[in-house]
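Thanks for asking me to look this over.

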Amino acid sequence: MRWWNSIFFALAFFVLTGWGHWGPTVKIGLSLDHSREPFTRRLLDQMEENRAMFLVKDAGDDPVAQQKQVQELIAQGIGALVVFPCDASKAASLVGAAHQAGIKVIALETPIPGCGLDYLIAFNPEKAGELEARSMARKLPKGRYVLLGGRPSDVPSREIRAGQMKALQPLIDRGDMRVVAAPWILPSQAAARMEAILAQPLSVDAVLASDNETAEDVE
């Protein structure tokens, strides 16, 4: 569900920096809440073709570390800042620090309140979850499902789950479908959790992962 980010980046950075194929190379700071491969790799490949240099920091889901890393990116002379906030309620100071340095900020997926954010690139997570589940249900309208959610504290993850259940609940109520497991996990934990579920004496017919990272880890 994150392929669209690259498209919006290309459009937004023209506005933010005046950068492009014919402009000067621009440094762009990418502040990650946690590792996001292969998304980051695809993004770096695309941006390098357009004379952009990405400086990447991984906060390891630590808001304090993210604060420090953003200051380091600013000191390195970035022209724009892209943020996956570890904790949106504590991230306004990140945007404020960038603005003080004359740097505009793009937040991804999660709004950052109280900061005059320049751009937000997001999607409707509940609708995405509903469409995901409806697509799977068309292929397998009867069976045992596993739902792999993201962080329980992550608002988009909860909304994706709500959308999935909106599509699946009628099938569950009819007895056509059963959700045998629905854990909340970090993407890096997906493979191990799925192995544990499959080791139990129950059959699984389908797995619905809430995001690309989780799906790729399970694969």
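1. Let's begin with the surface. The protein chain exposes about 10,800 Å², and carbon and sulfur atoms supply 54% of that area. Accessible areas here come from the Shrake-Rupley method with a 1.4 Å probe, and for residues only the protein chains shown count as cover.

2. A word on what you are looking at. This is a predicted model, in which local features need pLDDT of at least 70 and side-chain atom pairs count only at pLDDT 80 or more, while totals for chains, interfaces and linings use all residues. Residues are numbered from 1 along each chain as its sequence is written, and side-chain values use heavy atoms, with hydrogens and water left out.

3. Now the overall make-up. The protein chain has eight helices and eight strands; these are DSSP runs numbered from the N terminus, with helices being H or I of at least four residues and strands E of at least two. Of the 219 residues, 44% are buried (buried means under 20% relative accessible area, exposed over 50%, and partly exposed in between, with a 1.4 Å probe and protein chains only). Among contacts with a separation of 6 or more, 72% are between residues 24 or more positions apart, where contact means heavy atoms within 4.5 Å.

4. Have a look at the helix pair next. Helix 5 (residues 125–139) packs against helix 6 (residues 155–173) at an angle of about 40 degrees, and their axes are 7 Å apart. The axes are lines fitted to C-alpha atoms, for helices over the stretch in contact, and angles run from 0 to 180 degrees between N-to-C directions. The residues making this contact include Gly-129, Ala-133 and Ala-137 of helix 5 and Ile-160, Gly-163 and Ala-167 of helix 6. By type, the contact residues divide into nine nonpolar, three polar and six charged (Ala, Val, Leu, Ile, Met, Phe, Trp, Tyr, Cys and Pro count as nonpolar, Asp, Glu, Lys and Arg as charged, and the others, Gly among them, as polar).

5. If you are wondering about cysteines: how many disulfides are there? The count comes to zero, taking a disulfide as a pair of cysteine sulfur atoms within 2.5 Å. Cys-86 is partly exposed at 22% relative accessibility, whereas Cys-115 is buried at 15%.

6. Is Thr-214 buried or exposed? Thr-214 counts as buried because its relative accessible area is 0%. This residue sits in helix 8 (residues 212–218). Leaving out residues up to four places away in sequence, Thr-214 touches Leu-148, Ile-185, Pro-187, Ala-190 and Ala-209.

7. Met-53 belongs to strand 2 (residues 52–58) and is partly exposed, with a relative accessible area of 38%. Beyond residues up to four places away in sequence, Met-53 touches Thr-25, Val-26, Lys-27 and Ile-28.

8. Please check the backbone at Asp-61, which has a positive phi of about 60 degrees although it is not a glycine. Most residues other than glycine have a negative phi. Asp-61 lies in the loop between strand 2 and helix 3 (63–75) and is partly exposed, at 32% relative accessible area.

9. Finally, Leu-202 is in the loop between helix 7 (190–198) and strand 8 (206–209). With 26% relative accessibility, Leu-202 counts as partly exposed. Apart from neighbours within four places in sequence, Leu-202 is in contact with Val-180 and Ile-197.
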